[in-house]
Amino acid sequence: MILEALMAAAFVGALTVFLAPDEWAGRLAFAISLIPFVGSLYLWSGFEAGGNALLGGEIAYATQIEWLEVGGRSVSWFVGLDGISLPLFVLTTFLVPLAILSAWTPVDTRQSQFYGLMLFMEANLLGVFAALDFFLWFVFWEAVLVPMYFLIGIWGGPRRKYAAIKFFVYTNAASLLMFIGFMSLVFALGGSVSSFALPEIAQAIAAGGLGTWFGIPPDRIAMVAFLAMFLGFAVKVPIVPFHTWLPDAHVQAPTPASVLLAGVLLKMGTYALLRFNFTMLPEQASMLAIPIAAIAVISVIYGAMLALAQKDLKRIVAYSSVSSMGYVILGLVVFTEYGIGGATFQMVAHGLISGLMFMAVGVIYNATHTRMVGDMAGMADRMPVTVGILVAGAFGYMGLPLMAGFAGEFFIFVGSLSAPALPYAPVFTALAMFGIVIVAGYLLSAMQSTLFGPFELETDYDVGPAAFHDVAPLAVLLVAIIVLGVAPDIFFEMIRDAALPVVEGVTVDG
Amino acid sequence: MVNGLPAVTALLPALLLAFTGLALLLVDTIRPDARSNTSMAVVGTLGSLAALAATVWLTASGGVSPDGGAVLLFADAIKVDTLALFFTAIFASVTALVLVAAHDYFHDHANPAAFYSLVTFAATGMALLAAANSLAVVFVALEMVSLPSYVLVAYLKQNRGSVEAGLKYFLVGALSSAIFLFGISLVYAATGSLILADIASASVEGVTGVLGVGVVMMIGGVAFKTASVPFHFWAPEAYEGAPAPVSAFLSSASKAAGFVVAFRVFTEAFPLELAVSANVDWMLAFAVLAAVTMTLGNFAAAVQEEVKRMLAYSSIGHAGYALIGVAALTVDGPANGTVMGAAMAHLLVYGFMNTGAFLFVAMAERWGVGRTFADYAGLWRRAPVASVAMAVFMFSLAGLPPFAGFFSKYFLFQAAIDNGFLWLAGLGAINSVVSLYYYSRVVKALFLDEPESPSALDAIDVRPTALYAAVVFAAVATVLLLPGFGPVIETAEAAASALF
């Protein structure tokens with residue numbers, strides 16, 4: 001019941017903060033958000049499950065209570081964690097308090113509603129990673145959109161309306177496509193499943209339970225379902241060419257929302273790809289391995305090139321997320337222990353690093369009121385600590401050894417170089433590695449022109465060191481990135497344990 | 001019988017509603033100077049809540065019949081079963097919400113008591129309609145619903161739009177009543193009976209073409225009451241012109257009343273296998289009507305500029321979804337009970353979300369902000385709680401997940417697919433996507449758009465407490481029906497399965 005307690009803490013906390021006065025809503029929200037964080041540390045310390053939750057592995061902290069039954073299929077409240085979802089669960093509870101801290105300076109209107117929505121989003125994000133019943137998962141999945149829509153639409157930048165609606169329309173259309181894809185699987189399974197529990201469905205598909213439905217043979221249904229779900233999740237990740245909502249949403253979103261958007265919301269897409277497409281339909285995934293790997297590499301290179309062309313610091317970080325997510329897709333499609341494990345690890349690592357980058361850019365923006373590369377220079381002079389951490393974070397992004405980004409990308413490349421499931425794996429890997437060079441290129445040039453040299457600012461704001469509560473989350477994130485880079489095994493061991501059954505699934509079938 | 005109660009206890013909900021209406025009328029007549037808006041609203045609301053409690057009690061205790069099944073009364077003319085009780089619960093809930101909201105809406109009206117009693121009388125007719133087991137009772141109850149409704153639509157008699165809407169509604173209503181009655185007479189001519197079960201057994205011996213014509217005419221009557229194509233023309237006018245609480249009442253409760261006729265009369269009097277063998281394939285007719293109605297309603301709603309009119313067309317669209325409950329039926333279909341039960345559950349959820357949405361419009365009318373989307377811009381700043389509630393209604397009507405409308409729509413489509421009606425479910429899904437466009441326009445206006453001028457929102461200087469309470473309660477119900485959907489759909493499924 002501890003999972004429920006943590007989600008309930010965030011949810012009740014959201015309602016409490018909604019009703020709190022604006023003056024101390026921020027402090028109250030921060031205090032409340034520490035409850036799920038401490039709780040998730042407790043979950044982590046007591047975590048002993050092994051295997052993949054969907055493929056018959058042991059599920060930690062599981063609860064299953066029947067909710068309702070219609071037409072012979074039951075829906076239940078079914079939550080639990082395994083080695084893949086626990087790290088993302090911890091990532092969420094870790095990032096939310098920091099994101100709330102980063103909101104103290106910039107958010108100055110309707111604070112109680114803002115912090116309430118942040119906590120409401122946290123409750124739903126935790127639900128996405130913990131849910132093991134399709135309906136429950138889908139309810140949380142969609143419920144995440146609503147607070148994000150309002151966070152962008154009300155507290156966002158000048159073009160917030162456009163960005164919020166674009167975000168909402170893109171991700172909703174994607175959800176519908178994914179929903180139809182998954183449902184066609186359920187209908188094709190017919191009587192061989194009696195619930196929407198993901199483990200039951202995954203195992204029924206693995207056991208060959210797909211039947212003919214409305215005259216469509218099982219193979220074709222599986223392929224259509226795979227494509228529909230892949231497209232649906234691709235928008236969320238996002239993968240080129242479905243990425244166009246991302247820079248708009250990021251640039252217009254307030255900093256704390258950007259942190260959660262890049263840090264956690266994008267991971268929902270890759271997490272779902274792993275859970276649904278690659279765990280449930282490994283055969284289709286290996287049939288489509290080459291096109292998917294090609295899309296992954298294009299995302300890496302194209303995202304990095306787009307970042308290279310930007311002048312807005314936030315846009316640069318936003319596009320580089322597209323690039324980083326390409327690595328995750330590459331890790332997934334190669335279907336090796338290190339590939340899938342590394343992809344999951346990279347989700348966590350990128351969550352921390354991109355969170356740090358967005359927060360640091362936000363802190364600079366609070367002081368300068370501009371994010372344009374050409375507008376400022378020599379920021380290191382005035383904000384030494386912030387800039388120091390930003391530089392360290394950028395190096396983490398570039399894959400500096402002993403930082404989390406290095407570990408994630410290293411695992412992915414190790415996995416993808418020796419991938420039996422993907423033809424020409426070394427070629428794809430080499431192309432993807434080239435992306436790192438571009439990342440280094442744009443990050444270094446952007447930093448050089450804005451952070452170093454003599455101080456210069458094209459507006460008339462006084463710029464001084466940032467407040468302690470602005471810098472503290474940056475420092476905490478940096479420490480976490482280094483800890484994860486030095487000792488990746490604190491997560492990687494359990495991730496590998498849960499990734500292995502997925503890989504074994506494909507060798508058995510192929 | 002449970003607790004040794006007489007069988008007539010099964011009619012308790014309808015009786016409570018009838019007595020409430022009579023009591024309101026009595027007080028208004030005997031002590032006209034003592035009447036007060038508040039006390040009338042309180043009496044009416046308590047009466048409908050008591051009726052709701054009675055239905056819940058009867059459903060939970062298994063009714064008052066010895067074997068827990070249906071209770072037949074008055075020479076089989078009335079049949080109280082779970083289906084009747086389920087629909088009565090919808091009617092009583094909507095009535096209570098509307099009466100609470102009306103307290104503020106008619107705060108300065110000269111004679112509000114007539115309004116309260118007319119609404120309760122119409123609700124009585126609906127409760128009777130849900131339990132009607134004879135075509136004669138069906139017709140009488142239908143008129144008992146219609147006549148107060150005509151008056152209610154034209155209730156603001158100084159308001160040109162209200163009177164015009166009332167007249168239109170009356171003319172179309174009278175025409176369709178006549179058609180319906182003529183249909184009944186043809187059915188009687190062909191079978192020699194008005195009791196539903198007897199019609200079914202008489203049809204076995206020899207079905208003539210007259211019966212088929214009668215059935216088609218009765219479909220027309222149902223289409224009028226549910227605001228479905230081809231008798232939907234009155235709905236946008238009536239819903240737009242009527243006072244908003246009346247629009248809420250008509251589009252939620254009165255529509256559900258039309259569906260109870262379709263659900264019971266057609267399955268019991270003209271059983272599926274007979275209908276197919278006699279070429280009176282009313283399922284096919286309803287399938288076509290469902291497809292046309294949902295498409296027309298949704299596409300027409302998408303081009304509206306006024307919120308109330310948009311809701312009127314959306315209500316036509318939802319009639320199309322609910323018609324799936326009588327359309328996606330096949331002889332010995334595996335999911336017949338499920339699809340009809342899902343349609344019933346959808347009508348219940350719809351009762352709350354649609355009533356809530358119209359009551360929000362009632363609040364906007366009370367504030368005096370305009371009628372178009374643009375007039376709603378930035379209302380969030382002045383009325384955050386009500387705006388959040390409206391966002392809940394809109395997202396739920398569109399069928400977005402964290403709300404009850406998602407489950408009710410999903411299970412309706414799933415059951416239709418299980419019964420082999422993939423095309424109908426697919427069309428419903430496409431229409432749901434279209435609907436997201438116009439529902440989200442309301443949310444966008446409320447939360448994201450800036451008001452045209454800073455003073456545009458100054459009109460909002462009153463806090464209509466009762467309207468607020470009704471809107472918030474409907475929103476809470478819309479949210480809570482998601483976790484609480486299990487008992488609803490299971491009761492509905494059991495009630496519908498008993499018909500086959």
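Student: Which domain does UniProt place at residues 131-421 of chain A, and how should I read such a record?

Tutor: UniProt positions are given here in the numbering used for this structure, with feature names shortened, and annotations may be inferred rather than shown by experiment. In this case the unreviewed UniProt entry places the domain "NADH:quinone oxidoreductase/Mrp antiporter transmembrane" at residues 131-421 of chain A. Over residues 131-421 the chain is 77% helix and 1% strand, with the end C-alpha atoms 29 Å apart; helices (H or I, at least four residues) and strands (E, at least two) are DSSP runs, numbered from the N terminus. The unreviewed entry also places "NADH:ubiquinone oxidoreductase chain 4 N-terminal" at residues 74-121 of chain A, a stretch that is 62% helix and 17% strand.

Student: What should I keep in mind about the origin of the coordinates and the numbering?

Tutor: This is a predicted model, in which local features need pLDDT of at least 70 and side-chain atom pairs count only at pLDDT 80 or more, while totals for chains, interfaces and linings use all residues. Residues are numbered from 1 along each chain as its sequence is written, and chains are lettered from A and ligands numbered from 1 in the order in which they are written.

Student: Which scores describe the model, and which element of chain B has the lowest mean pLDDT?

Tutor: The pLDDT is the predictor's confidence in each residue, from 0 to 100, and where pLDDT is low, the predicted coordinates should not be read in detail. The model scores ipTM 0.82 and pTM 0.89, and chain B averages a pLDDT of 86, with 95% of its residues at 70 or above. Among the elements of chain B, helix 11 (residues 272-277) has the lowest mean pLDDT, 74, whereas helix 5 (residues 135-153) has the highest, 92.

Student: How many helices and strands does chain A have, and why is chain A called as compact as a globular protein of that length?

Tutor: One compares the radius of gyration, taken over C-alpha atoms, with the globule rule, which is 2.2 Å times the number of residues to the power 0.38. Chain A has 21 helices and four strands. Its radius of gyration is 22 Å, close to the 24 Å that the rule gives for 510 residues, so chain A is as compact as a globular protein of that length. Buried residues make up 64% of the 510 residues in chain A, where buried means that 20 or more other C-beta atoms, placed from the backbone, lie within 10 Å of the residue's own, exposed means 12 or fewer, and partly exposed lies in between.

Student: What does the secondary structure of chain B come to?

Tutor: Chain B comes to 20 helices and two strands. The radius of gyration of chain B is 22 Å, close to the 23 Å that the globule rule gives for 500 residues, so chain B is as compact as a globular protein of that length.

Student: How many residues does each chain give to the contact, and which helix of chain A gives the largest share?

Tutor: Two residues are in contact if their C-beta atoms, placed from the backbone, lie within 7 Å. The contact takes 19 residues from chain A and 21 residues from chain B. On the side of chain A that touches chain B, the elements giving two or more residues are strand 1 (60-70), helix 5 (134-143), helix 6 (145-155) and helix 7 (160-189), and the largest share, six residues, comes from helix 7 of chain A.

Student: Is A:G156 buried or exposed, and where does A:G156 lie?

Tutor: A:G156 lies in the loop between helix 6 and helix 7 of chain A and is buried, with 24 other C-beta atoms within 10 Å. Not counting residues up to four places away in sequence, A:G156 touches A:A163, A:A164, A:Q252, A:A253 and A:P254.
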